[in-house]
Amino acid sequence: METAGSVPNKISNPLWLLAELTYKCPLHCVFCYNPVDYTSYGEELGTEDWLRVLRQSRELGATQLGLSGGEPLMRDDLEIIVREARQLGYYSNLITSGIGLTEKRLAAFKEGGLDHIQISFQDSSREMNDFISSTKTFELKSKVAQWVKEHEYPIVLNVVLHRMNIDHIAQILEMAERMEVEYLELANTQYYGWGFVNRDHLLPTRDQVERAEHVTNEFRARIGDRMKIYFVVPDYHSNRPKACMNGWGSVFVTVTADGLVLPCHEARMLPGLTFPSVRDHDMRWIWYDSPGFNAYRGDSWMKEPCRDCPDKAKDFGGCRCQAFMLTGDATNADPVCDLSPYHHIVTDAVDRANVPGKPVTVSPILFRDDRNSRQLVEKKQEPTTETLEGLQHR
Amino acid sequence: MAERAPLTTDTVPELPRHFRFQWEPAQNAHVLLFPEGMVKLSESAGEILKRVNGAVSVSGIIKDLERTFPGADLGQDVMDFLEIAHGNGWIRPKQDK
């Protein structure tokens with residue numbers, strides 16, 4: 001151990017493996033949490049690499065497997081990965097936009113033992129407009145939902161909410177009802193990756209969030225047990241941080257498309273840490289012994305106000321990446337917490353958002369695509385929203 | 001939300017669709033797996049859920065447990081756990097489909 005005393009006596013085993021199989025994606029969502037510099041990464045892992053990652057992680061005790069991306073359907077070896085996951089005893093969850101799903105592939109996933117499919121309704125205003133005007137995307141999604149149902153999967157729909165679509169919540173709920181959705185996750189945007197660079201375009205007003213919750217509660221009362229609805233409030237609108245990843249290196253592990261192993265899908269951004277690749281190390285060494293995974297385990301890294309906080313075992317000081325993005329120091333308290341001396345950074349953003357109508361920002365909204373990613377890589381030296389002026393989406 | 005019908009000794013419980021019960025060597029425990037979640041079960045909870053198969057009634061499960069662990073009067077403990085499991089949506093009365 002590099003820093004004695006920085007880790008708890010006993011390191012728990014991982015339970016959740018998130019496999020970000022590819023960063024390729026047919027969509028260009030402005031709220032995507034994927035890293036903005038994905039075009040600068042090395043080659044994607046091959047099939048054999050992924051099968052090795054699955055085996056090694058399963059030996060450590062991981063049970064839940066998220067197959068994500070990017071759009072995981074862009075990998076033509078997904079069928080092989082699904083089959084191996086089932087044989088190893090994972091509970092496998094495919095997290096997809098549904099774009100590119102065919103009946104044939106779905107049948108192969110079912111046959112291979114895929115446990116669960118979450119369809120996300122993703123492409124921000126373009127798709128939302130499509131839906132509201134009842135055009136082709138809605139028909140495509142409905143068809144995918146129907147196939148999913150025919151293969152006896154529950155219909156699980158995820159809708160990312162933000163300033164531009166949250167007022168359509170009633171239509172979104174009606175759509176879910178028509179699609180006979182069983183689980184609906186209404187997740188407000190988290191401000192990471194593309195979501196962070198577009199934050200001022202996406203952060204809803206407090207009124208918008210309250211109205212949306214109200215409409216959702218009325219709908220819940222009407223629909224009863226037929227649909228289970230989760231409404232995830234944006235953390236900028238709360239005053240205590242989320243228990244990010246249930247604690248660093250505690251249950252969650254992400255493997256990126258190019259093979260890095262991370263304690264959360266955003267941790268790559270943190271300075272001063274190098275995360276190992278599955279091309280060079282096995283998962284056991286990475287989880288238990290790598291300096292990156294031990295960096296924020298336990299609480300000896302904490303500063304005030306976290307160090308003596310009675311909630312430190314409950315929320316772990318919030319999110320290291322959010323602390324770094326907003327304060328420049330990952331060992332600070334997550335500034336969502338109103339005990340943080342930097343809390344004003346969050347409240348200022350919310351106050352700016354509370355002006356209704358157009359966002360008060362000069363930077364254009366950035367769609368998640370290769371061109372914008374390459375431009376952001378060039379501008380990486382100063383990763384603030386101010387440096388993004390002049391970038392155009394296609 | 002609709003009230004759940006209470007369990008009786010005649011109820012035949014089953015796992016909901018998409019729930020999986022399995023032994024985890026790394027946890028040294030039985031677990032219940034479901035979409036994006038997992039419950040780690042105590043030894044006794046594991047013994048009870050092992051017998052939930054959509055074919056045997058609650059009284060049959062109790063009898064089988066009392067055969068496996070003779071001398072114990074398990075009826076109330078089993079019922080209490082099954083009520084909790086039902087309340088959490090881990091089991092449900094068998095549905096015809």
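This is a predicted model: local features need pLDDT of at least 70, side-chain atom pairs count only at pLDDT 80 or more; totals for chains, interfaces and linings use all residues.
Figure 1. Chain A has a mean pLDDT of 87, and 88% of its residues reach 70 or more. Residues 1–8 of chain A also have a pLDDT below 50, with 14 contacts in the model beyond near neighbours in sequence.

**Figure 2. The interface of chain A and chain B.** On the chain A side, 23 residues are in contact with 15 residues of chain B. About 1,600 Å² is buried between chain A and chain B, and carbon and sulfur atoms give 47% of this area.

**Figure 3. The salt bridge of A:E182 and B:R17.** The closest N and O atoms of A:E182 and B:R17 are 3.1 Å apart. Between chain A and chain B the count is three salt bridges. Nine residue pairs, with both residues at pLDDT 80 or more, are in polar contact across the interface.

**Figure 4. The side of chain A that touches chain B.** Elements that each supply at least two residues of this side are α1 (47–60), β3 (91–96) and β4 (116–121) of chain A. The largest share, three residues, comes from α1(A). By residue class, the side of chain A that touches chain B divides into seven nonpolar, nine polar and seven charged residues.

Note on methods: Residues are numbered from 1 along each chain as its sequence is written. Chains are lettered from A and ligands numbered from 1 in the order in which they are written. Side-chain values use heavy atoms; hydrogens and water are left out. Contact means heavy atoms within 4.5 Å. Buried area is the accessible area (1.4 Å probe) that two parts lose on being put together, summed over both. A salt bridge is a side-chain nitrogen of Lys or Arg within 4 Å of a carboxyl oxygen of Asp or Glu. A polar contact is a pair of N or O atoms within 3.5 Å; within protein, one must be able to donate a hydrogen and the other to accept it, and residues adjacent in sequence count only if both atoms are side-chain atoms. Helices (H or I, at least four residues) and strands (E, at least two) are DSSP runs, numbered from the N terminus. Ala, Val, Leu, Ile, Met, Phe, Trp, Tyr, Cys and Pro count as nonpolar, Asp, Glu, Lys and Arg as charged, and the others, Gly among them, as polar. pLDDT is the predictor's confidence in each residue, from 0 to 100.
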